[in-house]
Amino acid sequence: MVITVRIVATGALMFLLSACGTPNYGAYHSSALADFTGGYTDKQLSNTEWEVLYSGEPDKSYKLALYRAAEIVLSHDFYGFELTSVGYEPSDNNRTGETTIVIVPSNHSDAINFQGAMRIQREIKDMNPEFFR
């Protein structure tokens with residue numbers, strides 16, 4: 001009887017402690033792994049355009065959407081991209097939301113909205129190391 005009570009009490013304590021954790025909305029990851037804690041999704045809209053969506057805290061989601069855009073263009077042998085659209089939609093609780101950007105991969109650094117992919121990645125990692133823990 002005492003062992004059963006201890007097991008039940010231990011299980012209840014573990015359940016209560018696990019409920020105390022808050023989701024990590026800032027950590028960089030795919031939304032496929034996010035399990036309701038934010039993350040990115042992306043899709044190719046055409047031969048020349050990509051859409052990147054990042055769900056999370058407002059101050060972080062834009063930076064992490066840019067970081068994901070940089071990963072995409074580098075993986076397709078481009079040096080950077082041009083931003084053609086930026087949007088933010090807050091969630092109902094206003095603690096989180098979704099940043100959506102549309103990019104055109106580019107190797108033309110003289111374009112007005114050109115963003116150098118490697119520079120973006122370096123700056124975001126240097127200024128926000130907590131995103132990548």
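Me: Which residues does Gln121 touch, not counting residues up to four places away in sequence?
Reply: In this predicted model, Gln121 touches Tyr67, Ala70, Glu71 and Leu74. Gln121 itself lies in helix H3.

Me: What makes those residues contacts of Gln121?
Reply: Each of them, from Tyr67 to Leu74, is listed as touching Gln121, and a contact means heavy atoms within 4.5 Å.

Me: Why does Gln121 count as buried?
Reply: Good one to work through! Its relative accessibility is 16%. Buried means under 20%, so Gln121 counts as buried.

Me: And is Gln44 buried, exposed or partly exposed?
Reply: Gln44 has 43% relative accessibility. Buried is under 20% and exposed is over 50%, with partly exposed in between. Therefore Gln44 counts as partly exposed.

Me: Where does Gln44 lie, and what is Gln44 in contact with beyond its neighbours within four places in sequence?
Reply: Gln44 lies in strand E1, residues 39–44. Leaving those neighbours aside, Gln44 is in contact with Glu49 and Trp50.

Me: What is the largest nonpolar core made of?
Reply: That core has 20 residues, and those with the most contacts inside it are Leu66, Phe81, Ile101 and Ile103. The elements giving two or more residues are strand E2 (50–56), helix H2 (58–75), strand E3 (80–90), strand E4 (97–106) and helix H3 (117–127). H2 supplies the largest share, 8 residues.

Me: How many helices and strands does the chain have?
Reply: There are 3 helices and 5 strands, running α-β-β-α-β-β-β-α from the N terminus on.

Me: Where does pLDDT stay under 50?
Reply: Over residues 4–26. The chain as a whole averages a pLDDT of 78, and 72% of the residues score at least 70.

Technical notes:
Residues numbered from 1 in each chain as written. Predicted model: local features only at pLDDT ≥ 70, side-chain atom pairs only at ≥ 80, totals over all residues. Heavy atoms only, no water. pLDDT = per-residue confidence, 0-100. Helix = DSSP H or I, 4+ residues; strand = E, 2+ residues; numbered from the N terminus. Core = buried A, V, L, I, M, F, W, Y, C linked by side-chain atoms within 4.5 Å. Buried < 20%, exposed > 50% of the residue type's maximum accessible area, 1.4 Å probe, protein only.
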